[in-house]
Amino acid sequence: MKPAPFGYHAPADVAEATALLSELGDDAKVLAGGQSLVPMMALRLARPEQVVDVNRVAGLGGVRRENGTLVVGATTRHVALERDPVVAAAVPLLARAAPYIGHFQIRNRGTLGGSLAHADAAAELPAVARALDAEFELAGPDGTRRVAAAAFFRTLFTTALEPDELLVAVRFPIWRPRSGFAVAEVARRHGDFALAGAVCGVQVDAGRISRVAIGLIGMGSVPLRAEAVERSLTGSEAAALDLDDVGAQAVAGTDPPSDVHAGTHYRAKVGAALVARALSTALKEADHG
Amino acid sequence: MAEITATQDAGTEMEVALTVNGEARRVRVEPRKTLADTLREDLGLTGTHLGCEHGVCGACTVLLDGAAVRACLVFAVQAEGAEVTTIEGLAADADSLTAVQRAFREHHGLQCGFCTPGFVLSVTAFLRDNPAPGEEEIRDGLSGNLCRCTGYQGIIRAVKAAAEEMGRR
């Protein structure tokens, strides 16, 4: 047995889960799909004294449309994001990002909420949530609060979740049909964390960009959104864009990490190229009428 | 479900009831014991192999309620009430191997055999969900399992052959 000993709790509903988290405090860790936490426990990089397994919490999985948003339950597994036609129709970017996550065995187990709460800036789902300005629903002992993606991701592996709070659902805005979406990333092997990547959504009216979202994967300590570029693109003619220039602007001012696989400068160059590629693909898909 | 929702202190063993290869089983395990260790040590099913023990190599792949998962990333206590299929559960004996098992044997899909149970279970689930995969899909479907002997070419041929055979039936 490789992980250190821990006490195990499997609450049946959200109230029981938050009561447990509140009682156990800093000693407790929430276990969802376990595809990041359990490896960390096996390597003893994480040694929680108490584990609160949310897999049996009622009502935490599944997707539904509600007031122009797609509400995705926290324990919805990646495989559902990949295959559920409701997800593909409402938030295509989620369905297209999902196949990039690990391998199919990982996606059978890993969850949306787990990935977002783990908050790895090199992962796909945090970038999608940030780009689309998703809203996070956090349940605590005193009720539920909602936090925007920009405020949820604080810094490396750190979120706005308090120790007694549970991420219960994430609300993704549903864009109008005929928008274009794309994911582009470079990884050393398929299924590895990306060296760099970009996710993109775009809407075009009468040849001009009317709405655009650009998220960056692995380009900083949190998932980033190229907001200045989005503002400058809005209203401009889609056919006249210099995409290489847009890519360069999107990564300007970022400080991507450096490791044995890629240095900061290389990651920025790749990131710029991937923004151009994702935007180009999304523009092709979008109806320009 | 009462015993599952109860608070358990670290080190305390818990009773888990699960179905393994169609048979109802009961084990007493510490919460930190993975499903892979439990299958091997408590249930004697040593066909589930452990390579990296942190979710990279895929040697411990089993079917959990039909889905291929890494048994080293699931704690046995989480499998309460679940149905688990291991390599031992695929064929009753050497004469009744599944199409996937036969194809691995016939197309040199294994050499030392260490990674093979994980590959066979992954491919079994993969072909169930995608019965007529293209070459790229096969490579993608195999990417979650590591083999250090074959160089993968025999494994890819085995998956193609198994898909063809299953398609004919």
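Let's start with a definition: two strands pair if DSSP finds at least two bridges between them. Strands themselves are DSSP runs of E, at least two residues, and helices are runs of H or I, at least four residues, both numbered from the N terminus.

Hi everyone! What you see is a predicted model, where local features need pLDDT of at least 70, side-chain atom pairs count only at pLDDT 80 or more, and totals for chains, interfaces and linings use all residues. Residues are numbered from 1 along each chain as its sequence is written, while chains are lettered from A and ligands numbered from 1 in the order in which they are written.

Look at chain B. Strand β1 (residues 14-20) and strand β2 (residues 23-29) run antiparallel, joined by seven bridges. B:L18 has B:R25 as its bridge partner in β2(B). Two residues sit between the strands of this hairpin, and B:N21 takes a positive phi near 50°. β1(B) also runs parallel to strand β5 (residues 83-85) of chain B, with two bridges; there, B:V20 stands opposite B:V84.

Now, how many residues of chain A are in contact with chain B? There are 29, and they meet 32 residues of chain B; contact means C-beta atoms, placed from the backbone, within 7 Å. On chain A, β1 (7-9), α2 (37-42), β3 (50-53) and α6 (104-107) each supply at least two residues of that side.

Notes: Two residues are in contact if their C-beta atoms, placed from the backbone, lie within 7 Å.
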